[in-house]
Amino acid sequence: MPDAFGISRPGRVLRSLAEHYRIIQGNPLGRIGFWVVALFLVVAIFAPWLAPHDPWEMQYDSEGSFASLQPPSWQFPIGTTHLGYDLFSQLILATRTTMIIGAVSGFISIAIGANIGLVAGYYGGKVDEILMRLTDVLYGMPFLPFVIVLIALFGRKLEFVILAIVLIIWRTSARVIRAQTISIKQRQFITAARARGCSDLRIIYKHILPNVLPLLLLYAAFNIAWSIITEASASFLGFGDADTISWGGMLYELWLSGKTRVAWWWFAAPSLCIVILVTSLVFVSRAYEEIANPRLRKR
Amino acid sequence: MALLELKQVTRHFELRPALLDRLMRGRKTRVIKAVESMNLTLGNEEILGIAGESGCGKSTTCMMVAGLLAPSSGQLLYRDRDVNQLDSGELNEHRRRVQMIFQDPYESLNPRFRVSDIVAEGPRALRLWPEREISERAASMLDSVGLPYSKYWSRYPHELSGGERQRVGIASALVMEPELVVADEPLSMLDVSIRAGILDLLRNLARQRNFACIYVSHDLSILGNIADRLLVMYLGQAMEVGAVKDVIMQPRHPYTRALISAVPVPDPRAKRAAPQISGDISRPVDPPPGCRFAARCPYSDESCRETFMKLEGSSSTGHQAACHRLEAIPLEAS
Amino acid sequence: MTKEALLSVRGLNVEYSTTEGVVNAVSDVSFDVMKDEVFGLAGESGCGKSTLIRALLRLLSSNGRATAAAINYDGEDIGSMPEKAFRESVLWKRISLVPQSAMNSLNPVYRVGDQVIEAIRAHEAATRAEARERVAALFDVVGLQAELMNSYPHEFSGGMRQRAMIAMSLALDPGLIIMDEPTTGLDVLVQERILRRIREIRAELSSSIILITHDIAVIAEMSDRIAVMYGGRIMESANVLDLFESPYHPYTLGLKNAFPSIRAIDSQLISIPGTPPSLIGEVSGCLFEPRCPFRIAPCARDTPVTENVGEFHQVRCLRHADVETFREKSTRKSTWHS
């Protein structure tokens, strides 16, 4: 079927989105992961409307007494805290925080990592040396302590949590994308692009980037997963954002209350959410891995 | 005025051992002299074939002519202007005039680009025409190489055969309307039965669109078929040049003779003389001065190893060989 | 003088199961290789020649399956031999292989000589010293200096590595050596030397050789008899002189036109239009039909059978009786590209 000349921008974007959807759906694990992540996403977007109660309001049970440390019931599906707060509402709103941090940190860090990897890999020489030494320095930094120190220095605000995570996480994707850039840049179609008169920047972003994309998306999913875990860990240790609730923060509150042994529901819900979401993201990334590494494909 | 002229063009690559090797084991930097003092002229609409074995420098020469590699010394003159002295604006114009066709149809097309994007990429990168016109020219170019645009416009390279991919490569070079096309072994990765078609395509397009062509190949049979003139290289040096019939049927340089007598003939009754050559080919790393073929040549003497020979010979026919022992070599019927 | 058949293959089929369906890589192939001859197997990429060989030697990948009516070596049935017996008595000992891109088949971390020694000792009870002596002699046969046994593959040039692989293939004195594209990727002068050497080796050792290549010139120079493959089938087979002077099959005619010769640089080359056939699923009729300028209606339906058209000359073509007109017409470009 003849195609129109110069397909419009929106048309191209829609077409690639459709392709990505197909890629993910093509892999059984990817499919599961996709729908789970989608579910969490929906919850995160509609959180304020989905939460049945105010998460910071003391609740009373059907008999009118103070609902402290209630196990899961119809009224409170995930039970309550020792102060009578509804854990289900907390969980829902925490989902929003977690998703925001995960998505923002993940995408910013992959953007940084990809650009550094592409530039270092393509130009080589001094540029490569400088950028890679920088990456090495960051590799030497232990992840969590760094995040904690940064937050301790600048305060428990959402922006700093994101910043701290981003500053460290970009390092792995930078290394990996640089390696792939180096191998792609030696392929004949890049020489051909130079022969046709393409500038360096054009080659990097128009010719090399699309070929690095599968790997990039793989690491994007990883980065989001790592961000979520890091945020949960930092929050659990008391270094999360003070004003919003996150899953790690919920566990922190549990720890502070001293009721860890008693309130299993308080412990189970956020932990399960973390595990399920991260695992689903990894599943989604597996779908891209098959493309990034064709040898994994079935015959 | 010649379209292209190479004057004493040389290209060296340095093999620098790692820092530690240099300090601890005294390993010196070695030099690959890929191309040595090449002299070459190319007229308008001429098809010049460059023949030689691996390591002879033909690909490096290709890259220099196409402007993808700068000579280490010497002058590369395009229409009498030194390519190295061009400023960036003129360089873009030069890029448009000199284009390249690559060897591996499975590697020379960006797997993430559609055919339409591949062909249109050059004009887009250099902003030659408005977008609408670029698309039209790309479509018409695809038709000219035998790939009707309605069928091939949105395809990806992995959906195409080797021959089709190579045609896309040719289209993407010719859409720029070049004056000189450098073809680096464009047929070697294609099936035998379709090579002739691509060769014909190139020949016809060269005539219709009036461009000159430098065709590089190790396959002398193909060069005999398509080239007007033939240049033979060995380890970075030009050994012989002349009209293709002269060089193939009456080779003068000992290397050319050995090469031609080694080419198998698709005729079971044909008899071939054994090539007069000894030893194995080496790499052009730290080569001795003088003729690089001397070590394997049955006619060489001491002076061959020391003095570098330029192409010399009859300028009326243009048949020249870089050898000062020509009188000692008996003329053989080929 | 009639030669006896050293290798006799009847009705060989090879299928691959892939995600896109069953690929019939080789269909109904029958041929003989005589003693003391070079049998050339010609064809382009995808025609099944390498698959055929791998099936013979039971080296197919896991999704491949081969069936044959009969495979006999020197009168003995090797087609139905159990795996272990085949690996021990046939592979390398009676039939050896110089695989495609043999240059890359050498293990880079072992010395070349050691690799050949190991190959010998894996199949025969020989001491290291005995094996070493054999390898030195083999190196001499292929034209490599004995000292090179102690070198590593990366110190060898492409041509030298190829010779090492040929030495390995000769190690156990096989009666039949299969060489799959032995000179592809090598420079012309190196190719010439190696082909010359192969001819000399054959004269000395009187083994038979199956030479697989897409290079028509090489096959013309080296072979005694030739089979031309297309789409997994043998389209024509004959003595080399008969094949070149009186070809029957349109594909053979097309190949002759398409292949340039250094002795005829003025002649016009004519390509064969179209592309190689897809071998997926059942295919009836002649596989060359879509590209054949002499096709008639039955060609698409009826699969041609192999017919004798001369001494040792066989062809698969429904219209072989009309070959005189074909030969004349095929030299004209308009016949192929109307």
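In the predicted model, 35 residues of chain B are in contact with 30 residues of chain C; two residues are in contact if their C-beta atoms, placed from the backbone, lie within 7 Å. On the chain B side, the elements that give two or more residues are α8 (192–209), α9 (220–226), α10 (244–249) and α11 (254–262). Helices are DSSP runs of H or I with at least four residues, strands are runs of E with at least two, and both are numbered from the N terminus. α8(B) gives the most to this side, with seven residues. By class, the side of chain B that touches chain C has 21 nonpolar, eight polar and six charged residues. Ala, Val, Leu, Ile, Met, Phe, Trp, Tyr, Cys and Pro count as nonpolar; Asp, Glu, Lys and Arg count as charged; the others, Gly among them, count as polar.

The model is predicted: local features need pLDDT of at least 70, side-chain atom pairs count only at pLDDT 80 or more, and totals for chains, interfaces and linings use all residues. Residues are numbered from 1 along each chain as its sequence is written, while chains are lettered from A and ligands numbered from 1 in the order in which they are written.

Chain B also holds an open sheet of four strands, in the order β2-β1-β4-β5, with antiparallel pairing. Two strands pair if DSSP finds at least two bridges between them. The edge strands are β2 (30–42) and β5 (81–82) of chain B, and each pairs on one side only. Strands β1 (residues 4–15) and β4 (residues 73–78) of chain B run antiparallel and are joined by five bridges. K7(B) stands opposite Q75(B) in β4(B).

Helix α4 (residues 115–125) of chain B is mostly covered, with nine of its 11 residues buried. A residue is buried if 20 or more other C-beta atoms, placed from the backbone, lie within 10 Å of its own. Among the buried residues of α4(B) are V115(B), I118(B), E121(B) and P123(B). The buried residues of this helix pack against two chains: α8 (188–195) and α9 (200–236) of chain A, and α5 (131–144), α6 (149–152) and α7 (162–174) of chain B. R127(B) follows α4(B) and has a positive phi, near 50°.

Chain A has 11 helices and zero strands. Its C-alpha trace spans about 80 × 50 × 35 Å along its principal axes. Buried residues make up 42% of the 299 residues in chain A. Among chain A contacts between residues at least 6 apart in sequence, 70% join residues at least 24 apart.

Methods. Buried ≥ 20, exposed ≤ 12 C-beta atoms within 10 Å, placed from the backbone.
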